[in-house]
Amino acid sequence: MSEAVATAEQIHGHDDHPAHLQHHFVTSDQQFEASKMGMWLFLITEILLFSGMFVAYTVYRVWHPEVFQGVSSLLDWRLGGLNTIVLLASSFTVAMSIHFAQKNNQKGLVINLVITLLCACIFLVVKYFEYTGKFSHGIFPGIAYHPHGDYAVYDIPYAGQFFSIYYIMTGIHGFHVLVGIGVFIWITIRAIKGDFTSAYYTPVELTGLYWHLVDIIWIFLFPLLYLI
Amino acid sequence: MSATQTVGTESGRSVSAPVNYLNHDKSIKGWLYTVDHKRIGLMYLATVSIAFLVAGLLALAVRTELFSQGRTIMDADTYNQFFSLHGIMMVFLFIIPSIPAALGNFVMPIQIGAKDVAFPRLNLASYYIFVIGGVLAVTGILVGQIDTGWTFYTPYSSRLGAPVLFLTSAVFIAGFSSILTGLNFIVTIHKMRAPGLTWNRLPLFVWSIYATSIVQVLATPVIGITMVLLFMEKALQIGIFDPALGGDPVLFQHFFWFYSHPAVYIMILPAFGIISDLIGTFSRHEVQGYKFVALSSVAIAFLGFLVWGHHMFVSGQSVVSSIIFSLLTYLIGIPTGVKVLNWVGTMYKGSISLQTPMLYALSFLILFTIGGLTGVMLGVLSVDVHLHDTYFVVAHFHYVMMGGTVIAALGGLHYWWPKMTGKMYNETNGRIAAVLIFIGFNVTFFTQFIMGSKGMPRRYYDYLPEFEIYHMISTIGSFLLAIGLFMAAGGLIASFWRGKKATSNPWKSLTLEWTHTTSPPDPHNFHHTPIVTRGPYDYHLAPEIFGEPGGDGAVVSAQPDTDPVQQ
Amino acid sequence: MAHDSHSGHHIVSQRVLITVFASLVALTVLTVITAQFVDIGVLNLPLALSIAGLKAMLVVTFFMALKYDNPMNSLILGIGVICVTVFLVFTLFDTAFRGDMPNVDSQTISDTEGRNLNQEAREAREESAGAQH
Ligand SMILES: [Cu+2]
């Protein structure tokens, strides 16, 4: 466990610091490793944030399994599946963008970032249509849950809980996608300006980690909410 | 940021008074935009002190109301709000950030020989996030009545009006600040240690801050999502927690205590660290069982996640879970006992000097031991059924939170005060205040053990005549306690004008903040990155390190700088 | 840990990334098919969750490159996952066994008409539990 991290200070003076290196770090590697570790810590806080909703889901599912199974068929697995593929693709392209950044391939980096950005937008558009489709049938969270028309048979106790959890989980997940879009726009602009090289691509790496986590959350949400 | 970096190097030699982090840029902007962990620590210190003052005055008002039966100074609704606000402010705005964010921010990076924390801007951001949380909390208080207690139990809380929305947002946001601080500190301790500072040589305060940060990072997100769900329960009536809508109020308690039990370790673990440093320093002896004391902090951090259900023995949770939680609760006693034994052992082998910080450390030992042992009692299922929601519980957690954390924070504040301000406080005043606080505290809260065990329920506005005598004694004690606290605060503040200039190492401690930097420290902490070759409490080496007895113990001057590459 | 200070800069090859992406898509198709078109009864839930877990593992190992990274980051993730498990399992200790106080059932808590309310409650519970299967 004993990484003697700052030993390089004796070797390096202050003159040969690259521009991206902040003054309180000794080496670029130290800074990169610190940022990455910070990001991983942040990711587990995200996991624990979502865990609360997964626990609520599990508890209510254990209590009312038939209700949860029944009303989950109201969610369209085709749209959910499409969104799963879209997010997986974006995860892939973001991994590719890091790959290209490490190889100093400017063009590959930018193209993959743009594709990622597009995928994220597609995801939200699909989600928008899913939400409005549900709203039009009176499927709202909690007490507002009053399905009508063809869906009136689903007006059963605890179905409201399912949709409360559905809207909050996907809502918070969607919010993370939205934040991701914002960050990707910033990263893409910096990439176009040529800020990232194989020597310094920390923001791409960190955003990538964040984005993969958003993907992983969805990997679990999809079967739990749409399939089973 | 630029100010911090340039001024330190430019004006370093020309000005007559040596440049330190306080005098190198005195503008308001230099404070508000600072990324210097020392200044951020002081800003936290000022902010949490205000919260402590307000919440403390609320407590005094509550105690005054309880002085006699029936109405004394306020009506029942006001009383309910006052004790709720006292709890919410003390927990979320004072105790949780007090030691880690204020003292930890100032001391920890210096103790590990770093120039700053790993993410200085994030550090500043978490301060402002905390301030926003505080402002929201105050708004909520001004908007209307909060009388839920600090626990926000549903369904009562989810049916109250708008103020709950403000306060849940406030807790959510303040939690975010806590997460970012914890994250920052973990990375700092992992990646920023000075050469030679192995894990076995970390000061125990750093170890405890490390354990605290783990809990902050792992537990706080859950209170975040709990507050989101509570917010939604109120705003959209989602029916997760409110039984009238098909929800389960006990589930809320699980969510709440999954955070809030570990949160008591966020509050107490840093106190353990301070006490270890104090006892080592003022006993002039290596802290006995260093590794056990260090690792028991981490053990407590993790065990703390397995016991939250002991707050819910009478909530209607399943008996199976009550039994499991009760058994696991006993386990916490082991690492805690290891610490107490080692502290006592250190004092037994050392030679003790009773300066103010050490007086606080001794109070801590007594009060925390009482608080901890009564905690084990409350963890016993059958006992808790009787004592639950009585003043016994109130006394228990005040012994731990105030007798433990606040006393340790005061000890730490006195200990590091010369380092932070460059001034010595009045020692006599400090000692009298420490003794007064100890007496006042026990008069206030030991009485509550007695009336709690006789059945006085907590949070009640009125009580039966047989409890009046206890309430009177307790209220008188609380005023003694308040006088002691004001004396201590007065002594510290007066040192700005009257205090002697502090030497760089007035206590002859052996950790880096004392041996390798001036009081107050340089803006960059050290002129040269220290190279660590020994443990933090190697007091048997003291003669070699300090030279002849009576020297001020500053290695800064004793050891000529041989590091030519630095600035 | 000092020896692998360059571990963060391992370049994951395009071939690996493409293979992982293809497997992820395949697993998604598999989970849809097994859940929507082939009914395997009680195994539906564990299968869907296993597939999701496998997909998450792939993303973590290769896309997030934990395999090539500082082991500390894997440890961090592991601790996070353990914490979530504790949260879930310990909450279920309560919610899955709610109302298990044995000696309350055997005693008689009667209302004014002398009915055994606990007995009735237990029978009602057993009935509803039976109805689920
Ligand atoms: Cu507890």
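Colleague: How many salt bridges does the rule find across the interface of chain B and chain A?

Modeller: This is a predicted model, where local features need pLDDT of at least 70, side-chain atom pairs count only at pLDDT 80 or more, and totals for chains, interfaces and linings use all residues. Residues are numbered from 1 along each chain as its sequence is written, chains are lettered from A in the order in which they are written, and side-chain values use heavy atoms, without hydrogens and water. A salt bridge here is a side-chain nitrogen of Lys or Arg within 4 Å of a carboxyl oxygen of Asp or Glu. A:Glu33 pairs up with B:Lys191, their closest N and O atoms being 3.7 Å apart, and across this interface the rule finds one.

Colleague: Which residue of chain B forms a salt bridge with C:Arg98?

Modeller: C:Arg98 sits in the loop between helix H3 (71-95) and helix H4 (102-106) of chain C, and its partner in the loop between H8 and H9 of chain B, so the pair joins two chains. Those helices are DSSP runs (H or I, at least four residues), numbered from the N terminus. The closest N and O atoms are 2.9 Å apart, and the partner is B:Asp248.

Colleague: Is C:Asp94 buried or exposed?

Modeller: C:Asp94 also forms a salt bridge with C:Arg98, with the closest N and O atoms 2.7 Å apart. Buried means under 20% relative accessible area, exposed over 50%, and partly exposed in between (1.4 Å probe, protein chains only). C:Arg98 has 24%, so C:Arg98 is partly exposed. C:Asp94 is at 0%, so C:Asp94 counts as buried.
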